[in-house]
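I opened the notebook to go through one protein chain. The entries follow the order in which I looked things up.

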Amino acid sequence: MAERTTNGAARYDTIIAGGEVLDPGAGIGGRLDVAIKDGRVAAVEPAIDPSSAGQVIDAGGQIVAPGLVDLHTHIYWGVTYWGIEPDPVAARSGVTTWLDVGSAGAYSFPGFRRYVAEASRIRAYCLLNLSAIGLVAPTYELANIDYCDVDLAAQIVEANRDIILGIKARIDRQTTRGTGIRPLELARELADRVGLPLMVHIGNGPPTIGEVAALLRPGDILTHCFTGGDMRVVEPDGRVRADIRALHERGLILDIGHGTGSFSYATAEAMLAQGIPPDVISSDIHQLSVQGPMFDMPTTLSKFLNLGMSLPDVIERATNRPAAAMRRPDLGTLRPGSPADLALFRLEEGAYTFHDVQMAARRGTRRLVSTLTLVDGAPLPQLPERERAPWAILPEHQRDVPAEMAR
């Protein structure tokens, strides 16, 4: 990436020059320059005078997008089973806003605030886990209903609304372990009390997807929406469930949350064939999924490019739409005045093999590769990633990922 410094008094701090700007949510696109001043987008125009900036970054031949907004991440490193450190991954993947979903419960949220949200270069927010113990262990956090302290959780939310943007409940047979649908009823009560969205994780029941659907509301988020588990949103004949379709039409947000166990090509293809693409494409990045076959957000977006979604649609589902789901429309955009969070990509052509979590393979000809990530107008440095924890071992069937994708 060519970078040059200009002389004289500078109107702007930086110009990202000559790239193909793509911000579908803002209706901004084309061969444009992006000027940055004091950490904010100052202008998006054709051919901004390079002498008006302190430095110019040559983005010729690349896509210039808003910094990606990942609606499903786990970034509470050192305290939880799943967490990674976000800054090193952000620098190589273009994700500038990270929503940690449920890693912190009421007991551990103060540490998330101090050691993740306040210590990271990227923007870190969270959904508070209904369970006060959060995701210290791999699962089971809702198996003891005594941990589902609605009053305590509401108190934590009220004191931290700048960081806590919603409520999270994982509802599947392992997490609930005999408590049935009761944890989700309590999560619904909590979300309604604090007036924030509820994100619900699904996989394999019990409970059933029908029991979950009955407690969802417009503005809520159904994550792992393309799961292949028995809580999947398509019937055995491939049709989308009527209750999910009706909820989606009323404003339920369908989020991918790829992860290690939650993305099925069969479900995705059935949904897309019926004209129901995901509303949001997120990674569910954690210590296992970062090893593959998910890897990172660019790889996850590439899977949907090769399923037939357009590049603008894919970018919008990783910028403007997740920002709207978080009720933060100031993020995931290049509108002048917004934070200067940007992601630069190459769209590479070749022969690639992508996999879902069961290692079903699909061939593709295009993939997005991150080249530069900026937060508040400053490039993120390339930093070493933490060594994986000793328990972070992929399921056996996922260990033979093609070397071409392990970048």
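Where is P24 found? I located P24 in the loop between β2 (12-23) and β3 (28-37). Helices (H or I, at least four residues) and strands (E, at least two) are DSSP runs, numbered from the N terminus.

I noted the ground rules before going on. This is a predicted model, in which local features need pLDDT of at least 70, side-chain atom pairs count only at pLDDT 80 or more, and totals for chains, interfaces and linings use all residues. Residues are numbered from 1 along each chain as its sequence is written, and side-chain values use heavy atoms, with hydrogens and water left out.

**Entry: P24**

I looked up the exposure of P24 and found it partly exposed, at 23% relative accessibility. Buried means under 20% relative accessible area, exposed over 50%, and partly exposed in between (1.4 Å probe, protein chains only). Leaving aside residues up to four places away in sequence, P24 touches P312, I315 and E316; contact means heavy atoms within 4.5 Å. P24 and P312 are 288 residues apart along the chain, and their C-alpha atoms are separated by 5.9 Å.

**Entry: whole chain**

I counted 11 helices and 16 strands in the protein chain. The radius of gyration is 21 Å, close to the 22 Å from the globule rule for 407 residues, so the chain is as compact as a globular protein of that length. That radius is taken over C-alpha atoms, and the rule is 2.2 Å times the number of residues to the power 0.38. The C-alpha trace spans about 70 × 45 × 45 Å along its principal axes.

Of the 407 residues, 60% count as buried. Among contacts with a separation of 6 or more, 77% are between residues 24 or more positions apart. The accessible surface comes to about 15,100 Å², and 50% of that belongs to carbon and sulfur atoms. These areas come from the Shrake-Rupley method with a 1.4 Å probe; for residues, only the protein chains shown count as cover.

I also checked charge. The chain has 39 positive and 49 negative side chains, and the centres of the two sets lie 1 Å apart. Lys and Arg count as positive and Asp and Glu as negative, while His and the chain ends are not counted. The place of a charge is taken as NZ of Lys, CZ of Arg, CG of Asp or CD of Glu.

**Entry: cysteines**

How many disulfides does a search of the whole structure find? I found zero, taking a disulfide as a pair of cysteine sulfur atoms within 2.5 Å. C148 is in no disulfide, and its nearest cysteine sulfur, that of C126, is 17 Å away. C148 is buried at a relative accessible area of 8%, and C225 is buried at 0%.

**Entry: backbone**

Which residues does a cis peptide bond with omega of about 5 degrees join? I found that bond between G292 and P293. P293 sits in the loop between α8 (265-273) and α9 (297-305). The bond from P206 to P207 is also cis, with omega near 0 degrees, and P207 lies in the loop between β11 (198-201) and α6 (209-213).

I then looked at positive phi. D284, not a glycine, has a positive phi of about 50 degrees. D284 lies in the loop between α8 and α9 and is buried, at 6% relative accessible area. H224, not a glycine, has a positive phi of about 60 degrees. H224 is placed in the loop between β12 (221-223) and α7 (242-250), and counts as buried at 2% relative accessibility.
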